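This briefing covers one protein chain for a reader who works with coordinates. Please look over the sequence and the model before going on.

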Amino acid sequence: PYDEVYAFLLSAPTPDAVIAFRPSEETQTRVHYLLEANRSGTLNDDEQAELDEFSRVEHFVRMLKIRAEQKLSA
């Protein structure tokens, strides 16, 4: 999940672009699948690790967006 964020950050995005950043459709589909499997209790260990990794990436991106909003409002 980090590759998508790395590629985005290497493009030197503006604060507005950081705020507008959204994961790819493929990533969104995968996360949706993992969340559904988690709700139904059918995640295997590898999928649980993948979901945990997506959660860490999501937290990182949220923090970036907060910083970008602060920069724009300063």
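Is S40 buried, partly exposed or exposed? With a relative accessible area of 48%, S40 is partly exposed; buried means under 20% relative accessible area, exposed over 50%, and partly exposed in between (1.4 Å probe, protein chains only). The model is predicted, so local features need pLDDT of at least 70 and side-chain atom pairs count only at pLDDT 80 or more, while totals for chains, interfaces and linings use all residues. Residues are numbered from 1 along each chain as its sequence is written, and side-chain values use heavy atoms, with hydrogens and water left out.

**Fold and overall shape**

- The chain has 4 helices and 0 strands, in the order α-α-α-α along the sequence; helices (H or I, at least four residues) and strands (E, at least two) are DSSP runs, numbered from the N terminus.
- The radius of gyration is 14 Å, well over the 11 Å that the globule rule gives for 74 residues, so the chain is more spread out than a compact globule.
- That radius is taken over C-alpha atoms, and the globule rule is 2.2 Å times the number of residues to the power 0.38.
- The C-alpha trace spans about 45 × 20 × 15 Å along its principal axes.
- Of contacts between residues at least 6 apart in sequence, 54% join residues at least 24 apart, where contact means heavy atoms within 4.5 Å.

**Surface and charge**

- Buried residues account for 20% of the 74 residues.
- The accessible surface is about 5,500 Å², and 55% of it belongs to carbon and sulfur atoms; accessible areas come from the Shrake-Rupley method with a 1.4 Å probe, and for residues only the protein chains shown count as cover.
- There are 8 positive and 14 negative side chains, with the centres of the two sets 9 Å apart.
- Lys and Arg count as positive and Asp and Glu as negative, without His and the chain ends; each charge is placed at NZ of Lys, CZ of Arg, CG of Asp or CD of Glu.

**Nonpolar cores**

- The largest nonpolar core consists of 7 residues: V5, F8, V18, F21, V57, V61 and A68.
- Such a core is a set of buried Ala, Val, Leu, Ile, Met, Phe, Trp, Tyr and Cys residues joined through side-chain atoms within 4.5 Å.
- Two or more residues of this core come from each of α1 (2–10) and α4 (45–73), and α4 gives the largest share, 3 residues.
- Another core, of 5 residues, lies apart from it and includes L34, L43, L51 and F54.
- Beyond its neighbours within four places in sequence, V18 contacts F8, P13, L64, K65 and A68.
- V61, in helix α4, is buried with a relative accessible area of 12%.
- Leaving aside neighbours within four places in sequence, V61 is in contact with V5 and F21.
- V61 and E25 are 36 residues apart in sequence and 16 Å apart in space, C-alpha to C-alpha.

**Other residues**

- S40 belongs to helix α3 (residues 25–40).
- A12 sits in the loop between α1 and α2 (15–20) and is exposed at 61% relative accessibility.
- Most residues other than glycine have a negative phi.
- A12, although not a glycine, has a positive phi of about 55°.
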